[in-house]
Structure formats: C-alpha cells, structure tokens
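Please walk me through this structure in the viewer, telling me what to select at each stop and what I will find there.

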Amino acid sequence: MEEKGGGRGKIRVLVGGVFDILHVGHIHFLSQAKALGDELIVIVAHDETVRRQKRREPVNSAEDRAELLRALEVVDEVYIGSPGGIDYELVKQIKPDIVAIGPDQGFSCERLKEELRRHGIEAEVIRIPYLYKRDRAKTSKIIQRIIETFCD
C-alpha cells in the first residue's frame with residue numbers, strides 16, 4: 001500500500017483561491033484545511049483569473065497576495081496559478097493528498113475529483129463549510145462596506 005503524502009509520510013493539503021483582501025473567513029478556511037493534513041499548500045489566483053472570474057481588478061497583485069499568505073504560520077508553501085483556471089500541471093507537481101475547497105467556490109467536489117483523476121491526480125476533495133455569515137467573511141461585502149463608509 002502506498003504511503004500517504006506520495007511516499008513523503010506527510011499528508012499534503014492543497015487549496016486555491018483569490019485571497020484578495022485577507023479576512024477572518026480566509027484564516028478559518030486555511031486553518032480548517034491545514035487541520036486535514038500536515039502541510040498546507042496554497043495556489044493564489046493569477047491576476048488575469050481574478051479579472052475574468054470576479055469581473056473586477058484585484059485590489060492586491062498576485063505577488064502581494066502570495067507574500068501575505070507566506071507570512072501566515074498555517075501556510076507551508078504558496079504558488080501563483082496560471083491565467084485561465086486550474087493549472088493541472090502545477091497541481092500534479094504539488095502532489096496533494098487532499099484538495100480542500102472553500103464554501104463559496106463553485107466547484108462540485110465529485111466533478112473536481114473526476115477532473116483531477118483525468119489529469120492523473122489522485123486526491124480526496126473536501127469542501128470546508130462556512131464558520132461565519134457570508135456578509136462578515138466575504139471580500140466583496142468588505143469592499144462594499146469600505147465604499148459605503150469612506151466614499152459617501
């Protein structure tokens with residue numbers, strides 16, 4: 001039987017996301033994901049991906065978002081994704097045992113698991129639930145509150 005962690009002995013958990021304005025929802029998501037294994041690897045969305053998915057400019061560049069995440073004790077490694085969506089070659093290089101999905105990410109766990117398998121990646125896919133109400137821990141809501149508070 002193959003040892004967990006691709007023979008490394010450690011369970012690698014992979015998450016991906018924008019992480020534009022780091023907030024309490026991100027911290028809880030990352031902490032819950034880390035609790036699933038031994039190493040937490042984050043793929044930060046490329047600026048082009050943010051523009052396409054969110055239909056807005058990122059507040060912080062991918063490089064700045066990656067640097068912020070690297071400073072968190074819970075995070076072990078950070079990569080910047082490729083423009084255009086999931087970079088399966090990068091995921092294959094990372095060799096995750098678990099891919100954790102945030103509560104607001106629009107992926108079907110089963111479909112993502114099938115897509116990973118199609119690319120030669122065997123990983124469990126787990127959705128992390130919300131710990132807070134969406135209004136409190138959602139970047140777009142935080143931006144809206146900033147505009148309402150400071151731009152009137």
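Predicted model: local features only at pLDDT ≥ 70, side-chain atom pairs only at ≥ 80, totals over all residues.

Begin by selecting Val 15, Phe 19, Leu 30, Leu 40, Val 42, Leu 69 and Val 78, which, among the 16 residues of the largest nonpolar core, touch the most other members. At least two residues of this core come from each of strand 1 (12–17), helix 1 (24–34), strand 2 (39–44), helix 3 (62–70) and strand 4 (98–101).

Now centre the view on Leu 69, whose contacts beyond its neighbours within four places in sequence are Phe 19, Leu 22, Leu 30, Val 42, Val 44, Val 75 and Val 78.

Next, select helix 1 and pick out its buried residues, Gly 25, His 26, Phe 29, Leu 30, Ala 33 and Lys 34. Because they cover an arc of only 165° around the axis, they lie on the same side of helix 1.

Finally, turn to the largest pocket, which holds about 1,000 Å³ of space. Of the 47 residues lining this pocket, select Gly 16, Gly 17, Val 18, Gln 105 and Phe 107, the closest to its centre. Helix 1 gives the most to the lining, with five residues, and the lining as a whole divides into 23 nonpolar, 18 polar and six charged residues.

Terms used: Residues numbered from 1 in each chain as written. Heavy atoms only, no water. Core = buried A, V, L, I, M, F, W, Y, C linked by side-chain atoms within 4.5 Å. Buried < 20%, exposed > 50% of the residue type's maximum accessible area, 1.4 Å probe, protein only. Helix = DSSP H or I, 4+ residues; strand = E, 2+ residues; numbered from the N terminus. Contact = heavy atoms within 4.5 Å. 1 Å grid on protein atoms, 1.4 Å probe; cavity = no way out; pocket = protein on both sides within 12 Å on 5 of 7 lines; lining within 4 Å. Points joined across faces, edges and corners; volume = space filled by probe spheres on them. Nonpolar A, V, L, I, M, F, W, Y, C, P; charged D, E, K, R; others polar. Arc of directions from axis to C-beta.
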